[in-house]
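Open your viewer and get ready to click along with this tour. Each stop names something to select and then tells you what is there.

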Amino acid sequence: MAGDVLLLEGGIGAGKTHFSRCLIQSRLPLPEDVPSPTFTLVQTYETQGCEIWHSDLYRLGDVSEVEELGLTEAFEAAICLVEWPDRLGPLIPANALHLKFEPGQAENSRILTLSWSAPRWDDLPGALAA
């Protein structure tokens with residue numbers, strides 16, 4: 001829903017973009033290409049409920065560039081998927097959900113660790129278990 005900010009952490013090849021593509025495709029009314037925003041920095045998608053902003057901040061040099069991209073406004077009006085969220089510095093929203101991707105022991109497996117402080121995510125573990 002609008003205002004959901006997912007901070008995707010993990011090294012190169014950890015699965016952040018793959019996760020984002022799957023989430024975006026699941027929300028689109030019709031399938032479309034979902035490229036990595038590595039070079040464009042931000043890709044936006046229209047869905048029935050609200051826009052989805054997919055950003056890759058790896059190439060940012062300064063936190064001021066985040067505001068130039070319009071991300072701070074999108075944090076309130078869209079679903080935001082942010083790769084390399086450490087580049088946000090003090091602009092990390094307090095209500096964000098942190099997703100940390102790490103390689104698993106089996107080939108092509110991942111360990112996903114979720115963390116948050118905002119109560120809006122408290123029901124998430126139960127919803128995922130169901």
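Start at the second largest pocket, which holds about 180 Å³ of space. To bring up its centre, select Gly 13, Lys 16, Thr 17, Asp 56 and Glu 83, the closest to that point of the 15 residues in the lining. A pocket here is found on a 1 Å grid over the protein atoms alone, as an open set of points where a 1.4 Å probe fits, with protein on both sides within 12 Å along at least five of seven lines; lining residues have an atom within 4 Å of a point. Grid points are joined across faces, edges and corners, and a volume is the space filled by probe spheres set on the points.

Before moving on, keep in mind that this is a predicted model, in which local features need pLDDT of at least 70 and side-chain atom pairs count only at pLDDT 80 or more, while totals for chains, interfaces and linings use all residues. Residues are numbered from 1 along each chain as its sequence is written, and side-chain values use heavy atoms, with hydrogens and water left out.

Now colour the lining of this second largest pocket by class: four residues are nonpolar, seven polar and four charged. The classes put Ala, Val, Leu, Ile, Met, Phe, Trp, Tyr, Cys and Pro under nonpolar, Asp, Glu, Lys and Arg under charged, and the others, Gly among them, under polar. Helix α1 supplies the largest share of this lining, four residues. Helices (H or I, at least four residues) and strands (E, at least two) are DSSP runs, numbered from the N terminus.

Stay on α1 and pick Thr 17, which sits in this helix. Is Thr 17 buried or exposed? Thr 17 is buried, at 17% relative accessible area; buried means under 20%, exposed over 50%, and partly exposed in between (1.4 Å probe, protein chains only). Setting aside residues up to four places away in sequence, Thr 17 touches Ser 36, His 54 and Glu 83, where contact means heavy atoms within 4.5 Å.

Show side chains here: that of Gln 43 makes a polar contact with the side chain of Thr 40 at 2.8 Å. Such a contact is a pair of N or O atoms within 3.5 Å; within protein, one must be able to donate a hydrogen and the other to accept it, and residues adjacent in sequence count only if both atoms are side-chain atoms.

Next, go to the largest pocket, with a volume of about 240 Å³. Select Leu 6, Leu 23, Leu 97, Trp 121 and Leu 124, the closest to its centre of the 15 lining residues. At least two lining residues come from each of α1 (16–27), β5 (97–103), β6 (110–115) and α4 (124–129), and α1 gives the most, with four. By class, this lining has 12 nonpolar, one polar and two charged residues.

Select Leu 7 in strand β1. Leu 7 is buried, with a relative accessible area of 0%. Beyond residues up to four places away in sequence, Leu 7 touches a group including Val 82, Pro 85, Leu 88 and Leu 97. Draw a C-alpha distance from Leu 7 to Leu 114: the two are 107 residues apart in sequence and 9.8 Å apart in space.

Two backbone stops follow. Most residues other than glycine have a negative phi. Trp 84, in the loop between β4 (79–83) and β5, has a positive phi, near 60 degrees. Asn 108 also has a phi near 60 degrees, and lies in the loop between β5 and β6. Trp 84 is buried at 16% relative accessible area, whereas Asn 108 is exposed at 68%.

Finish with the cysteines. How many disulfides are in the whole structure? A search finds zero, a disulfide being a pair of cysteine sulfur atoms within 2.5 Å. For Cys 22, the nearest cysteine sulfur is that of Cys 50, 18 Å away. The sulfur of Cys 50 is 8.6 Å from its closest counterpart, in Cys 80, too far for a bond. Cys 22 is partly exposed at 44% relative accessibility, while Cys 50 is buried at 10%.
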